[in-house]
Amino acid sequence: MKKTLRHLLYAIAVLLGAALATACGDYFEGVTTAGEMQLTRKVIPLIEGDRYSIPVTFSPVELSNNTVYWLTEDNTVARFVNDTLVALSEGQTLAYAWSSIDLLRDTAIVVVLPGMYEAPADYPYDMVIYASVMIHGTPLTPDNADQYAIGAYVGEELRGLGQMQRHHDVDYMVIRVWSPFERGERVTLRCYYRGQARAELFPDVFTFDGERHGTLSQLYPLVLDDDAEEYMPEIDVPGFDYNHGEPADTVEVFTDLD
């Protein structure tokens, strides 16, 4: 089924390119064509509702026409509105790009993360972190908090989202973490940069204990600096290559159609 869909997507791109070349042959006469097109981001983490324009590079750089056609394999997870990728629902999908000349192509994988959290009914235990947050030298406040999303995770499962608050001129974040167990789970924190399709890991690791960490008078310090590790989501597409950006069976399909 996936191979059939990729054949269809590629056929659409071929028709678009052929139509464009036929209609505008005189216009494109003498235009320098690229030898290579690459998406500069191969793995694109987004949260539901976020938007992102994937950067594209061409070689040679003097290419005078770099129109790109975009498609996603599963448009219920993410879809393109013009050239902008819009995250719709949690999941993973492939994003395809084709150039208008020579049908140069590249692929990236889009990982959509949940944008909201509601504790399941069978998660009766909670742990609370009262924190001050510093992100690369910038303190987090209610005024700039919409640029970030800070989530608490057990493995890859979201267990709570930070909420920024202000009390008597003190800015702090409340992170309520939920668990089905009274204690023992390993909790990590991630900072997602909205509109940038990237996330970083806080170095702090908590063991779920149902207690309170930090107080309003002594906030727990959460700090991201230049040594912060970038978060890279787990990919469930067989054969996906982080460096090249195409799963093995996609490469085979394209080879068959060349």
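I looked up Tyr220 and found it partly exposed, with a relative accessible area of 27%. I used these classes: buried is under 20% relative accessible area, exposed is over 50%, and partly exposed lies in between, with a 1.4 Å probe and protein chains only. The model is predicted, so local features need pLDDT of at least 70 and side-chain atom pairs pLDDT 80 or more, while totals for chains, interfaces and linings use all residues. Residues are numbered from 1 along each chain as its sequence is written, and side-chain values use heavy atoms, with hydrogens and water left out.

**Aromatic pairs**

I paired rings of Phe, Tyr and Trp (its six-membered ring) if their centres lie within 6.5 Å; planes under 30 degrees apart are stacked, over 60 edge-to-face, and the rest tilted. This rule gives 5 aromatic pairs. Tyr96 and Trp98 make a stacked pair, at 5.7 Å centre to centre and 15 degrees between the planes. Tyr96 is buried at 1% relative accessible area, and Trp98 is buried at 1% too. Phe206 and Tyr220 have ring centres 5.1 Å apart and planes at 55 degrees, so I noted this pair as tilted. Phe206 sits in strand β17 (residues 198-207) and Tyr220 in strand β19 (residues 220-224), so the pair ties together parts 14 residues apart in sequence. I took strands as DSSP runs (E, at least two residues), numbered from the N terminus. Phe206 is buried, with a relative accessible area of 4%.

**Charges over rings**

I counted a charge over a ring if NZ of Lys or CZ of Arg is within 6 Å of the ring centre and within 35 degrees of the ring normal. Arg190 lies over the face of Tyr153 at 3.6 Å from the ring centre. Arg198 lies over the face of Tyr193, at 4.0 Å.

**Cores**

I took a nonpolar core as a set of buried Ala, Val, Leu, Ile, Met, Phe, Trp, Tyr and Cys residues joined through side-chain atoms within 4.5 Å. The largest has 27 residues, of which Ile44, Leu46, Ile54, Trp70, Leu85 and Val110 touch the most other members. Strand β9 gives the most to this core, with 5 residues. Apart from this core lies another of 24 residues, including Leu140 and Met173.

Strands pair if DSSP finds at least two bridges between them. Gln38 has Thr57 in β4 as its bridge partner.

Conventions: Helices (H or I, at least four residues) and strands (E, at least two) are DSSP runs, numbered from the N terminus.
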